[in-house]
Amino acid sequence: MSITQRLSSAFMRKCEGIATERRSLLGLQAFESLPADVLAKELRATVFTPEKIPKADQEQVAVLLDSDAWSAAVICQDPLWIIHNPRHALTRRESNLMHEFAHVLLKHQIVRFDLKTGLPQRRQSDEDEATYLGGCLQIPRRGLLWAVQRQMTLAEIAVHFGASTDMVRFRSNVTGVEITKQ
Ligand SMILES: [Zn+2]
């Protein structure tokens with residue numbers, strides 16, 4: 001079952017609403033890019049790489065720095081602290097952080113912590129929701145429509161929104177907005 005089959009259409013509409021609302025709070029239009037660092041500032045989040053976490057357990061930091069298996073995580077909710085994996089590409093950093101902001105915006109709860117890495121674990125349904133909202137935050141449907149109307153290619157759309165080409169493809173698939181110019 002694909003992510004759009006697991007989520008309700010009402011929830012997916014709500015995510016598009018959140019994505020445009022966040023942009024308008026920042027004075028941005030739906031077609032403008034929203035860098036993760038700008039949203040971080042608005043949400044008063046501090047973004048760290050593992051070695052910069054204040055008073056961190058050095059053994060856990062070493063595990064995190066050595067692994068590709070994690071992306072980003074909320075390590076403290078108040079104040080909001082988020083770590084991301086510096087081994088991932090910049091476009092991946094954007095989607096990793098947007099995914100975490102989505103957990104925050106949707107007020108998802110942490111269900112347990114991984115003993116080895118100390119990273120929070122969440123329900124699978126919450127992961128689906130954060131993945132979906134994270135994508136909307138990066139590329140709102142209205143933004144994708146705007147880009148397609150301007151005859152932008154997939155690669156151009158990716159650059160415009162600071163996203164990976166995989167993310168543009170994903171957003172095209174889930175929104176049904178077809179990218180006609182190759
Ligand atoms: Zn998640």
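The side chains of His99 and Thr131 are joined by a polar contact of 3.4 Å, a polar contact being a pair of N or O atoms within 3.5 Å, where within protein one must be able to donate a hydrogen and the other to accept it, and where residues adjacent in sequence count only if both atoms are side-chain atoms. The model is a predicted one, in which local features need pLDDT of at least 70 and side-chain atom pairs count only at pLDDT 80 or more, while totals for chains, interfaces and linings use all residues. Residues are numbered from 1 along each chain as its sequence is written, and side-chain values use heavy atoms, with hydrogens and water left out.

His99 lies in helix α5; helices (H or I, at least four residues) and strands (E, at least two) are DSSP runs numbered from the N terminus. Because its relative accessibility is 15%, His99 counts as buried, where buried means under 20% relative accessible area, exposed over 50% and partly exposed in between, with a 1.4 Å probe and protein chains only. Apart from its neighbours within four places in sequence, His99 is in contact (heavy atoms within 4.5 Å) with Glu127, Ala130, Thr131 and Gly134.

The largest pocket has a volume of about 670 Å³. Of the 28 residues that line this pocket, the closest to its centre are Trp70, Ser71, Ala72, His99 and Glu100. Here a pocket is an open set of points on a 1 Å grid over the protein atoms alone, where a 1.4 Å probe fits and protein lies on both sides within 12 Å along at least five of seven lines, and lining residues have an atom within 4 Å of a point; a volume is the space filled by probe spheres set on the points, which are joined across faces, edges and corners. Helix α5 gives the most to the lining of the largest pocket, with six residues, and β2 (72-77), β5 (120-121), α6 (124-138) and α9 (165-175) are among the elements that each supply at least two.

His88 is found in the loop between β3 (80-84) and α5, and it counts as buried because its relative accessibility is 12%. Not counting residues up to four places away in sequence, His88 touches Asp68, Trp70, Ser71 and Asn96. The side chain of His88 reaches the backbone oxygen of Asp68 at 3.4 Å, although His88 and Asp68 are 20 residues apart in sequence, with 7.6 Å from C-alpha to C-alpha.

Finally, helix α7 (residues 141-149) has Gly143, Leu144, Trp146, Ala147 and Val148 buried, and the buried residues of α7 pack against α8 (154-161) and α9. Just after α7, Gln151 takes a positive phi of about 60 degrees.
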